[in-house]
Amino acid sequence: MESEKKSSHVSDMGAWAMNVVSSVGIIMANKQLMSANGYSFTFATTLTGFHFAVTALVGMVSNATGLSSSKHVPLWELIWFSVVANMSITGMNLSLMLNSVGFYQISKLSMIPVVCIMEWILHNKRYSKEVKMSVVVVVIGVGVCTVTDVKVNAKGFICACVAVLSTSLQQISIGSLQKKYSIGSFELLSKTAPIQACSLLVLGPFCDYYLSGNLLLDYKYTYGAIFFILLSCSLAVFCNVSQYLCIGRFSAVSFQVLGHMKTVCVLTLGWVLFESALTFKNIMGMLVAIAGMVIYSWAVEVEKQSNTKSPHASKNSLTEEELRLLKEGMEKADVEVGQSKA
């Protein structure tokens, strides 16, 4: 029992580590690929289509070689999920283009409370006071270290709302579909990735042209750009798999808290590798965010322990009504036994 618990904790830590490392790695690779100082590949939506195409290819190879199994999920559920996921990607890109970076960060921070509310509405899930307080600390910390100028307009606000709602719904749906159809994280990803890849590769170039004013066909590919595109796609496979793993093992709220840990890592690596400015305000915000994450981990553990203890307590203690019904049942059984003997 103890060894099973240890192996479960190791698997959990492995999933977290894979997601953090691959996510931070893909951000750094994309920064080099898409920045003006790098290779100026400004086609973010199309690049995401490449990511899902490579992920779909890995899934097909895995199924063909017998490394993973394929379970049935209704096609309409997969299409619905893919539409929501693509709305999330497009909405985030549009929100970043139309709003200031400060408002974009605020919209990302709002995902934790939105996920909590949506899980309460859809699954009647409730959170303890400790979990709520730790989430508030994380949001304040990340807000302090990332939010600067805040400018918003009507179009940008609508895009931000669509992005937040669709991203929250997508992350909740990952866990729901895995439980509903008893399907593993990689199996579900290998089913949704081809649909997302096809739709993003068709619509992506048009969306990117609207966002950047550049045509994909006019881009001049160099060996360096191709290398970073392939690196980004490779890291995306690990990033996508670990996202489904983390949400399947934990919850969408936990995944959002983990996402802010990645923000802290990106800020730190940006300072180390790209000589980005890191002010006292940034450092204080990061420390508060990390403290909030530690408190969140403790609060979730306390909540788990209280949930495991409560069923045992209810089994061992009967209410007065249950005792009365039990007594009546035993008396009735004695009468029936006496009649059968007579």
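Helix α7 has 27 residues and should span 39 Å at 1.5 Å a residue; its end C-alpha atoms lie 38 Å apart, which agrees. Here the expected span is 1.5 Å times one less than the number of residues, and helices are DSSP runs (H or I, at least four residues) numbered from the N terminus. The model is a predicted one, in which local features need pLDDT of at least 70 and side-chain atom pairs count only at pLDDT 80 or more, while totals for chains, interfaces and linings use all residues. Residues are numbered from 1 along each chain as its sequence is written, and side-chain values use heavy atoms, leaving out hydrogens and water. Just after α7, S182 adopts a positive phi of about 50 degrees.

Helix α8 (residues 185–212) tells another story. A straight helix of 28 residues would span 40 Å at 1.5 Å a residue, yet α8 spans only 34 Å between its end C-alpha atoms. A kink of about 45 degrees is found at G204, shortly before the proline P205; the bend is the angle between axes fitted to the seven residues ending at a residue and the seven starting there. Just after α8, G213 has a positive phi of about 80 degrees.

Turning to packing, helix α5 (residues 111–123) meets helix α7 (residues 154–180) at an angle of about 55 degrees, their axes 9 Å apart. Axes are lines fitted to C-alpha atoms over the stretch in contact, with angles from 0 to 180 degrees between N-to-C directions. The contact (heavy atoms within 4.5 Å) includes M111, V114 and M118 of α5 and L165, L169 and I172 of α7.

Terms used. Helix = DSSP H or I, 4+ residues; strand = E, 2+ residues; numbered from the N terminus.
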